[in-house]
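Student: Could we go through this one together, starting with the backbone and then moving on to the packing?

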Amino acid sequence: MMNSYVLSGLLVCLTISMPANAIGNENGAMRMSQMPAFSDFDTNQDQLISEQEFEQFHKARQELRESEGRHLKNSSDCNEKFKRIDLDDNKFIDAKEFQSHQERMRNAK
């Protein structure tokens with residue numbers, strides 16, 4: 001009985017002392033409770049998100065969610081999502097298009 005109290009107390013202390021950015025990948029990015037950042041997608045850091053980078057991000061995110069026993073909403077058809085975000089249809093998503101999409105998503109909630 002005493003051990004369960006000690007364990008509970010330690011867990012509470014650990015949770016409280018954990019920094020917020022500890023939740024995510026090794027770069028502190030892509031927390032599941034937040035919308036992903038542009039840099040989470042732009043793996044080659046060229047300030048553009050290619051369709052391949054977009055698909056790779058979604059695949060990795062889906063695998064992470066599945067490993068946690070969760071499913072990613074609307075996870076099918078990355079190509080259609082990419083086309084909706086790529087407003088100028090140049091086959092890349094720039095920071096402005098990405099931000100515009102994020103704002104639309106926030107306002108839709």
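**Loop, core and helix faces**

Tutor: Gln45 lies in the loop between H2 and strand E1 (48–50), and in this predicted model the phi of Gln45 is near 55°, a positive value in a residue other than glycine.

Student: Are Gln45 and Gln47 buried or exposed?

Tutor: Gln45 counts as exposed because its relative accessibility is 65%, and Gln47 is exposed as well, with a relative accessible area of 52%; the cut-off for exposed is over 50%.

Student: Which residues make up the largest nonpolar core?

Tutor: That core has 10 residues in all, namely Phe38, Phe41, Ile49, Phe54, Phe57, Cys78, Phe82, Ile85, Ile93 and Phe98. The elements giving two or more residues to this core are H2, H3 and helix H4 (78–85), and the largest share, three residues, comes from H4. In soluble globular proteins, nonpolar side chains tend to be buried together.

Student: And Ile49, what is it in contact with?

Tutor: Leaving aside neighbours within four places in sequence, Ile49 is in contact with Phe38, Phe41, Asp42, Phe54, Phe82, Lys91, Phe92, Ile93 and Phe98.

Student: Lots of Phe there. How many aromatic pairs are there?

Tutor: The count comes to five aromatic pairs. One of them is the edge-to-face pair of Phe38 and Phe98, at 5.5 Å centre to centre with 80° between the planes. This pair links distant parts of the chain, since Phe38 is in helix H2 (residues 38–41) and Phe98 is in helix H5 (residues 95–108), 60 residues apart. Phe38 and Phe98 are both buried.

Student: What about Phe41 and Phe54, how is that pair arranged?

Tutor: Phe41 and Phe54 are stacked, at 5.5 Å centre to centre with 15° between the planes. Phe41 lies in helix H2 and Phe54 in helix H3 (residues 51–67), so this pair ties together parts that are 13 residues apart in sequence. Phe41 and Phe54 are both buried too, and one aromatic cluster is formed by Phe38, Phe41, Phe54, Phe57, Phe82 and Phe98.

Student: Back to H4, then: which of its residues are buried?

Tutor: Cys78, Lys81, Phe82 and Ile85 are buried in H4. They lie on the same side of H4, because they cover an arc of only 100° around the axis. An α-helix has 3.6 residues a turn, so residues three or four places apart point the same way.

Student: What do the buried residues of H4 pack against, and what is on the face turned away?

Tutor: The buried residues of H4 pack against E1, H3, strand E2 (92–94) and H5, while the face turned away from the buried side carries the exposed residues Lys83 and Arg84.

Student: Last topic: how many salt bridges does a search of the whole structure find?

Tutor: The search finds one salt bridge, in which the side chains of Glu68 and Arg70 meet at 3.5 Å, N to O. Glu68 counts as partly exposed at 40% relative accessibility, and Arg70 counts as partly exposed at 35%.

Key:
Residues numbered from 1 in each chain as written. Predicted model: local features only at pLDDT ≥ 70, side-chain atom pairs only at ≥ 80, totals over all residues. Heavy atoms only, no water. Phe/Tyr/Trp six-rings, centres within 6.5 Å; stacked < 30°, edge-to-face > 60°. Helix = DSSP H or I, 4+ residues; strand = E, 2+ residues; numbered from the N terminus. Buried < 20%, exposed > 50% of the residue type's maximum accessible area, 1.4 Å probe, protein only. Core = buried A, V, L, I, M, F, W, Y, C linked by side-chain atoms within 4.5 Å. Contact = heavy atoms within 4.5 Å. Salt bridge = Lys/Arg side-chain N within 4 Å of Asp/Glu carboxyl O. Arc of directions from axis to C-beta.
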